[in-house]
Amino acid sequence: MSAAHQRRIIIGDVHGHYDGLMILLEAIAPGAADEVYFLGDLIDRGPQSAQVVDFVKQSSYYCLLGNHEQMLLDVLTKRASNQIRQAWLYSGGYETLSSYKTATIPRDHIEWLQTLPTHLDLGDIWLAHAGLDPRLPLEEQSVEQFCWVRQEFHSMKQPFFENKLIIVGHTITFTLPGVRPGELAQGQGWLDIDTGAYHPRSGWLTAVDINNQIVYQVDVYDKLVRTLPLSEAAIRINPAQVLARL
């Protein structure tokens, strides 16, 4: 396969929906020369987190750290307070534990999650789970920004990078002004592809072939698959409307 036909596939928050992910990957049919990137939040909320982690871990695909992986690691590898533990459990941790038959997460899964990067620079695109804080230099930002930021990022009035598109998940797109379930959100230098796979209002799990500007989606509840141009799938966000919600 020539370089011109290689694809870079970016996949949004899976949240434990292994069956939906398998349908999505079947529709995409990644080849050996294609690069596949997960934006984090493989786990929690959905029913099959263990299967999702095991699949991505065993694959040759790239994966970023999401806030849900960070919460799990905080609970399992630190002296987390009961408040932090309960926050994770009620944010989908119960479902994750139940997906492991013994309710114990294997050591190799934990060690793999600890290796996940918070961001990746691919030259013309820059990947993070949540985004970044436009008020801080890149070198001063940490897991707090890369995994958790929301409004400060989505309300940017100008791109953070001059020649890079930031692609993120984390914030369900229909929570942004003017965006309907299943639609992507695009702002000043950023593209949000978390269409809320676990959410009853949506169910859409999204992947983007950024090289060819194609969006692949599966509804994890009714297994409907669709493909459409990125230009039709993404809704432009007005930063002022995001700021109005702060």
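Me: Which residues does Thr96 touch, leaving out those up to four places away in sequence?
Reply: In this predicted model, Thr96 touches Ile43, Asp44, Ser49, Leu72, Trp88 and Ile105.

Me: And which helix is Thr96 in?
Reply: Thr96 is part of helix H4, which covers residues 82-99.

Me: Buried or exposed?
Reply: Thr96 is buried, at a relative accessible area of 0%.

Me: OK, Cys63 next. Where does Cys63 lie?
Reply: Cys63 is in strand E3, residues 62-63.

Me: Is Cys63 buried or exposed?
Reply: Cys63 has a relative accessible area of 5%, so it counts as buried. Beyond its neighbours within four places in sequence, Cys63 is in contact with Phe38, Leu42, Val56, Trp112, Leu116 and Pro117.

Me: How many Å apart are Cys63 and Val215 in space?
Reply: The C-alpha to C-alpha separation of Cys63 and Val215 is 19 Å, and they are 152 residues apart in sequence.

Me: Val56 and Trp112 came up as contacts of Cys63. Which helices are those two in?
Reply: Val56 is in H2 and Trp112 is in H5. Both take part in the contact of these helices, where Ala50, Val53, Asp54, Val56 and Lys57 of H2 meet Asp108, His109 and Trp112 of H5.

Me: How many of the residues in that contact are nonpolar, polar and charged?
Reply: Four are nonpolar, one is polar and three are charged.

Me: At what angle do H2 and H5 pack?
Reply: About 65°, with the axes 11 Å apart. H2 spans residues 49-58 and H5 spans residues 107-114.

Me: Is the crossing left-handed or right-handed?
Reply: The crossing of H2 and H5 is left-handed.

Me: Switching to aromatics. How many aromatic pairs are there?
Reply: The structure has nine. One of them is Tyr18 with Phe55, an edge-to-face pair with 6.4 Å from centre to centre and 75° between the planes.

Me: Which parts does the pair of Tyr18 and Phe55 tie together?
Reply: Tyr18 is in helix H1 (residues 18-28) and Phe55 is in helix H2, so the pair joins parts that are 37 residues apart in sequence. Tyr18 is partly exposed at 23% relative accessibility, and Phe55 is partly exposed at 22%.

Me: What about Phe38 and Tyr61?
Reply: Phe38 and Tyr61 form a tilted aromatic pair, 6.2 Å centre to centre with 40° between the planes. This pair links distant parts of the chain, with Phe38 in strand E2 (residues 35-38) and Tyr61 in the loop between H2 and E3, 23 residues apart.

Me: Which of those two is buried?
Reply: Phe38 is buried, with a relative accessible area of 1%, whereas Tyr61 is partly exposed at 23%. Tyr18, Phe38, Phe55 and Tyr61 form one aromatic cluster.

Me: Now the largest nonpolar core. Which of its residues touch the most other members?
Reply: Ile11, Phe38 and Leu42 do, out of 36 residues in that core.

Me: What is Ile11 in contact with, apart from its neighbours within four places?
Reply: Ile11 is in contact with Leu21, Leu24, Leu25, Val36, Tyr37, Phe38, Leu39, Ile193, Thr206 and Ala207.

Me: Last one, Asp133. Where is Asp133 placed?
Reply: Asp133 sits in the loop between strand E5 (125-128) and helix H6 (143-148).

Me: Why does Asp133 count as buried?
Reply: Because its relative accessibility is 7%, and the cut-off for buried is under 20%. Asp133 touches Gln141, Gln145, Glu152 and Phe160, with residues up to four places away in sequence not counted.

How values were computed. Residues numbered from 1 in each chain as written. Predicted model: local features only at pLDDT ≥ 70, side-chain atom pairs only at ≥ 80, totals over all residues. Heavy atoms only, no water. Axes fitted to C-alpha atoms, helices over the stretch in contact; angles between N-to-C directions. Helix = DSSP H or I, 4+ residues; strand = E, 2+ residues; numbered from the N terminus. Left-handed = near helix turned anticlockwise from the far one by under 90°. Contact = heavy atoms within 4.5 Å. Nonpolar A, V, L, I, M, F, W, Y, C, P; charged D, E, K, R; others polar. Core = buried A, V, L, I, M, F, W, Y, C linked by side-chain atoms within 4.5 Å. Buried < 20%, exposed > 50% of the residue type's maximum accessible area, 1.4 Å probe, protein only. Phe/Tyr/Trp six-rings, centres within 6.5 Å; stacked < 30°, edge-to-face > 60°.
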